[in-house]
Amino acid sequence: MFLVRDVLDKQLLDVNRTRMGKVDGVVLGVGSSHPPRVVALETGPVTLLRRLSPRLAVLLERLEKRLGIEDARPLRLGPEQVLRVDIDVQVAVNAQETRAFAWEDWLRRRVVERIPGSGADE
Amino acid sequence: VKNLLKVALGIATSIGGFLEVGSISTAAQAGASYGFQLVWAVVLATVLVMFLVEMSGRLAACSGHPLAAAVRERFGFRFQVVPLVAETVLDGLVLAAEVGGVCIALHLMTGVSARWWAVPVALGAWLLLWRGTFGAIENGVSLLGLLAVVFVLAAWRLHPPWTEAARGLVPSLSAEDPARYSFLAVSILGATLSPYLFNFYSSGAVEDEWDETHLGVNRATAVLGMAFGGVMSLGILVTAALVLRPRGIQVESYHQAALMLTPVFPFWGFVLFAVVLGVACFGAVLEIALNMAYLQAQSLGWDWSENLRPKDDARFSLVYTVALALSASLMVLGVDPLRLTLLAMSLTVIVLPLIVVPFLVIMNDEKYLGEHRNGLLGNLVVLGITLLGFLLAVVAVPLQVAGGS
């Protein structure tokens with residue numbers, strides 16, 4: 001398996017096959033006694049933006065802090081949580097119980113639910 | 001019977017989605033300025049769009065992944081960000097042009113200045129997306145879009161000289177103002193091949209939960225739907241060629257284009273043109289706004305569906321909300337919709353290789369398509385016409401901009 005070709009940027013699905021972001025980054029661990037190995041898969045807008053421009057990623061991080069979305073820091077999934085890798089990457093977590101929907105939740109609470117007809121009142 | 005109905009509905013959908021502000025205005029301008037000479041551009045664009053729409057449906061049916069998602073997964077974010085930004089900007093421009101088209105239609109009907117209509121139009125579209133489901137929107141748009149058949153009827157009743165029209169099938173360079181002629185050819189290609197169409201179509205196939213059993217439906221929809229759509233464009237071109245050209249009317253505004261139906265339908269012609277323009281553009285507004293949300297959601301891996309309520313799909317719903325607000329403000333600022341349309345259409349052709357080439361690579365990838373990968377013919381036709389369009393655009397667009405329209 002090739003990390004960049006087969007894992008990076010793939011769709012992440014949780015145990016219920018809910019889309020929970022993409023594999024935005026792969027974290028490698030380097031030790032003196034063994035070759036580099038995958039420590040975690042990362043997902044989150046800051047990780048993604050860092051690949052384009054570290055400076056923009058820092059700005060986004062600051063924005064998240066200011067808005068109070070502390071939860072938005074990248075979510076890490078260990079290799080033991082990975083269930084399956086094909087054109088999607090399925091992991092053994094329930095997305096609702098993770099930070100994967102931090103931005104989604106914030107926007108829902110602070111913006112969408114305040115607009116009439118969003119379904120919040122039904 | 002149920003399956004047949006499904007096919008019919010699918011075909012109606014694609015015809016309804018075919019005609020919008022771009023194809024109406026470019027076909028009208030082509031007919032008014034060059035008679036039947038640009039028939040080939042409409043036919044070529046229709047053939048290419050058939051291939052591309054069939055491919056995007058096949059991709060979604062075989063892999064469950066729409067186009068934008070597949071490009072990010074296959075090529076990585078650092079590559080995908082380029083077509084993503086290009087397509088978002090283009091979609092935004094075309095969205096504003098479509099909102100403008102609806103405003104012009106309302107202006108033609110009521111006499112109230114087009115700028116005043118931008119906010120109500122965007123608000124109406126937003127309300128439908130906010131409350132509606134994918135099926136309701138798709139079917140509503142397509143059934144109303146069939147009104148455009150009046151152009152075919154008009155062209156038929158004008159008894160066009162068929163042999164002369166058929167001669168337009170062979171590309172020829174016009175003697176009068178060749179720069180504008182090539183620019184119009186490029187615009188026709190761009191109007192027919194709007195990138196939003198492919199991504200919207202593949203997203204729709206995912207929304208409707210297509211799988212490999214839908215490949216036949218997909219092929220029928222793509223070929224017949226796009227063919228009918230092309231016939232309607234030709235209807236506009238022929239009508240404009242027979243009505244506007246002999247009277248020396250060049251289409252520099254929609255008021256002039258609106259005259260094309262009056263000789264055939266003396267009393268109703270003007271209103272009919274306005275209604276068809278308004279309905280077609282409004283349908284496109286819904287589809288493009290939705291597509292902008294699909295693009296972001298699929299590129300970033302969000303959970304997405306127009307069938308979810310906004311509170312269950314907050315990021316997705318906010319994308320089309322912001323897109324509609326921005327496009328309406330462009331119109332309120334008084335940007336000329338016809339000029340914006342032509343600009344967006346010609347830019348489309350320049351951006352097209354950036355979207356089509358990765359698309360082709362994915363269509364040949366066994367992981368996504370399995371045994372339903374592209375054949376050699378499909379690859380060659382699509383690549384050939386795309387590069388041809390690109391070369392034409394690279395030459396014609398600067399010429400037109402330098403010459404001033």
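Contact here means heavy atoms within 4.5 Å. Leaving aside its neighbours within four places in sequence, Glu73(B) is in contact with Leu8(A), Asp9(A), Lys10(A), Gln11(A), Lys22(A) and Ile87(A) from chain A, and with His65(B) and Tyr368(B) from chain B. Glu73(B) sits in helix 4 (residues 67-75) of chain B, where helices (H or I, at least four residues) and strands (E, at least two) are DSSP runs, numbered from the N terminus. With a relative accessible area of 2%, Glu73(B) is buried; buried means under 20% relative accessible area, exposed over 50%, and partly exposed in between (1.4 Å probe, protein chains only).

The structure is a predicted model, in which local features need pLDDT of at least 70 and side-chain atom pairs count only at pLDDT 80 or more, while totals for chains, interfaces and linings use all residues. Residues are numbered from 1 along each chain as its sequence is written, chains are lettered from A and ligands numbered from 1 in the order in which they are written, and side-chain values use heavy atoms, with hydrogens and water left out.

Chain A can be described next. Its 4 helices and 7 strands follow the order α-β-β-β-β-α-α-β-β-β-α along the sequence. The C-alpha atoms of chain A fill a box of roughly 55 × 35 × 20 Å along the principal axes. Of the 122 residues in chain A, 44% are buried. Among contacts in chain A with a separation of 6 or more, 51% come from residues 24 or more positions apart.

Between the two chains, the contact takes 32 residues from chain A and 30 residues from chain B. The area buried between chain A and chain B is about 2,700 Å², 55% of it from carbon and sulfur atoms; this is the accessible area (1.4 Å probe) that two parts lose on being put together, summed over both. The interface holds 6 salt bridges, a salt bridge being a side-chain nitrogen of Lys or Arg within 4 Å of a carboxyl oxygen of Asp or Glu. In one pair, Arg19(A) and Asp303(B), the closest N and O atoms are 3.3 Å apart. On the side of chain A that touches chain B, the elements giving two or more residues are helix 1 (3-7), strand 2 (19-22), helix 2 (45-52) and helix 4 (102-110) of chain A. Strand 2 of chain A gives the most, with 4 residues.

Over all chains, the structure holds 16 salt bridges. Within chain A, Asp86(A) pairs with Arg84(A), with the closest N and O atoms 2.3 Å apart. Both partners are partly exposed, Asp86(A) at 34% relative accessible area and Arg84(A) at 32%. Glu113(A) forms a salt bridge with Arg108(A) at 3.6 Å between the closest N and O atoms; Glu113(A) is partly exposed at 35% relative accessibility, and Arg108(A) is partly exposed at 24%.

In chain B, a salt bridge joins Arg58(B) to Glu54(B), with the closest N and O atoms 2.9 Å apart. These two residues are separated by about one helical turn, because they lie 4 residues apart in helix 3 (residues 39-63) of chain B. Arg58(B) is buried at 10% relative accessible area, and Glu54(B) is buried at 12%. Elsewhere, salt bridges that share partners join Asp9(A), Asp24(A), Arg51(A) and Arg72(B) into one network.
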